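Please open the model in your viewer and keep the selection tool at hand. The stops below go one selection at a time.

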There are 2 protein chains.
Amino acid sequence: MKTYLDCVPCFIRQGLEAARSVCDDEATIARAMKRVLAEASTFDLSLSPPEMGQKIHSIIREEVNNKDPYRQIKDSSISFALTMEKRVKKIIYESDNPFGAALRFSIAGNILDFALLSTWDDERIDESFKNAMDKPVDELVVKELEEDIQKSGNVLFLADNAGETVFDRLFIETFPKNTTVTYVVKGGPIINDATLECARKSGLNDVATIIDNGADAPGTVLTQCSKDFLSHYESAPVVIAKGQANFETLNVATKKIYLLLQMKCIVVAQHYGYSVGDWLVKTTDKLAKERRTNMLKGKTGKETDL
Amino acid sequence: MKTYLDCVPCFIRQGLEAARSVCDDEATIARAMKRVLAEASTFDLSLSPPEMGQKIHSIIREEVNNKDPYRQIKDSSISFALTMEKRVKKIIYESDNPFGAALRFSIAGNILDFALLSTWDDERIDESFKNAMDKPVDELVVKELEEDIQKSGNVLFLADNAGETVFDRLFIETFPKNTTVTYVVKGGPIINDATLECARKSGLNDVATIIDNGADAPGTVLTQCSKDFLSHYESAPVVIAKGQANFETLNVATKKIYLLLQMKCIVVAQHYGYSVGDWLVKTTDKLAKERRTNMLKGKTGKETDL
């Protein structure tokens with residue numbers, strides 16, 4: 001999807017919060033923010049919001065001289081998730097449908113996102129896990145995904161945030177024993193997205209082959225990804241993509257992708273007819289069908305709007 | 001006071017909301033916003049937030065080709081205030097201290113500010129008037145102002161927002177009969193600040209001589225004001241300045257000014273040790289004293305920080 005003008009002040013605030021979290025020299029932060037504003041003033045709005053985020057956070061990292069401003073919150077998120085593991089596993093394996101329950105906790109873990117809200121909010125996070133088993137999701141698509149995994153025995157899993165990774169592992173553990181899983185993280189630190197180190201700390205190496213996509217953009221910007229990742233992506237019979245940035249970058253992908261996420265941003269939510277707080281289990285196939293229907297109904301001018 | 005980096009994303013959002021309120025062509029708005037971002041990227045942060053607001057809103061007005069984007073909300077604010085006049089007058093004149101009560105409603109009217117929140121919020125506005133008589137304010141300063149007016153018989157009254165103007169009139173009506181009042185509005189449309197027309201529609205010509213300050217900045221940026229205004233300002237024995245933008249531009253004035261406002265912005269509030277929602281009745285003399293004390297205590301590096 002393209003970047004909306006409403007995304008701009010939000011990204012600028014994000015950049016400022018990221019800089020402040022690791023730097024207390026206002027002159028340095030001011031220099032960084034002036035570069036961020038200049039960058040935003042020439043940004044091509046036909047690119048996706050994650051691509052704007054990538055540019056802004058790269059300027060911040062460079063100017064405050066910190067390669068990974070979200071390092072601490074990523075570590076805290078993983079520790080938090082590991083302390084929850086036992087309790088969540090119990091719920092998953094005591095449920096009638098461990099695959100469906102684990103998928104729900106994998107989406108619950110998507111709350112560990114510090115782009116929009118940069119500080120830890122116990123209440124907000126607890127609520128996400130408390131509601132995991134009751135949140136409405138499209139159960140038919142959950143079933144379709146389960147069957148696709150059973151049939152192919154091979155899954156490419158595009159990760160989102162650190163910490164959420166632990167719940168992704170619990171989800172993968174419910175796949176049939178002989179399933180080949182490739183778990184894909186970012187090629188470099190970007191916001192609190194999972195990196196190779198995060199995936200390892202979350203125990204993903206016990207259930208999957210971990211690779212990175214070669215890019216340091218949030219989501220999956222295919223034009224920036226490594227050849228190695230793209231060959232995995234093109235040949236994968238089943239692709240799961242977690243989180244809103246993957247939704248924003250892969251929503252118009254021609255390949256069938258299962259998008260699993262919490263809708264967090266009002267701009268994206270409103271554009272797609274969702275509400276902030278909704279949980280989505282959706283395929284790109286279904287999104288394409290909805291786009292065609294909306295175009296026929298004249299709700300949207302052109303496909304690239306979406 | 002200087003502009004904080006936190007002001008920047010807020011002003012950019014304000015600019016976008018102002019543009020959207022009068023223009024539905026996204027390409028025009030995008031062009032305006034790109035200019036706004038470029039302007040912000042080179043803005044001198046030692047200038048005050050109202051000066052940044054002035055630049056941003058001037059770009060918006062030019063690009064969307066609308067001289068007064070807040071025209072409608074200014075008219076609605078005045079109509080709303082006029083419908084409340086009778087009820088408020090009753091409370092004022094039934095109170096033990098009409099001057100103090102009218103001052104309180106003049107501050108209550110300061111809620112009619114659409115810079116930070118661009119849409120009308122009935123609940124927020126009603127609450128401001130409901131709490132008018134109970135909000136804590138510095139009663140000693142209220143008394144000091146009343147005595148200063150009685151002694152001098154001459155007041156320069158720097159207005160803030162359209163609509164609030166009606167309550168300012170009710171306040172002025174409680175001054176001693178022979179008081180000379182000069183009511184000062186902005187030299188051109190800026191956000192929903194009162195202009196000559198707003199003051200006339202609010203009946204200020206019955207109680208004061210209305211002049212403008214020659215500038216289209218929010219607040220009172222003395223370096224931009226007309227000679228005529230400055231001669232009034234310099235010779236005025238009593239100056240009342242309404243609203244947060246006047247606080248931000250006159251807080252370090254060497255002249256004694258009575259600042260009457262609701263604290264609405266978290267950045268300004270935190271910097272001065274207030275909370276959002278606080279009502280202030282404060283003189284620049286007191287602010288200067290607090291600055292000196294804070295400097296002695298080492299709370300702030302230099303006076304210009306304030």
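The tour goes from a whole chain to one residue and then to an interface.

This is a predicted model, in which local features need pLDDT of at least 70, side-chain atom pairs count only at pLDDT 80 or more, and totals for chains, interfaces and linings use all residues. Residues are numbered from 1 along each chain as its sequence is written, while chains are lettered from A and ligands numbered from 1 in the order in which they are written.

Select chain A. Its secondary structure comes to 13 helices and 6 strands (DSSP runs, H or I of at least four residues for helices and E of at least two for strands, numbered from the N terminus). Along the principal axes, the C-alpha atoms of chain A fill a box of roughly 55 × 50 × 40 Å.

Next, select A:Gln54, which is in helix H3 (residues 49-63) of chain A. A:Gln54 counts as buried because it has 23 C-beta neighbours inside 10 Å; a residue is buried if 20 or more other C-beta atoms, placed from the backbone, lie within 10 Å of its own. Of the 306 residues of chain A, 46% count as buried.

The C-alpha atoms of A:Gln54 and A:Pro218 are 6.6 Å apart, although 164 residues separate the two in sequence. Leaving out residues up to four places away in sequence, A:Gln54 touches A:Ile190, A:Asp216, A:Ala217 and A:Pro218 (contact: C-beta atoms, placed from the backbone, within 7 Å).

Finally, show chain B: 16 of its residues are in contact with 16 residues of chain A. On the side of chain B that touches chain A, helix H1 (7-22) and helix H2 (26-41) each supply at least two residues. The largest share, 8 residues, comes from H2(B).

Conventions:
Buried ≥ 20, exposed ≤ 12 C-beta atoms within 10 Å, placed from the backbone. Contact = placed C-beta atoms within 7 Å.
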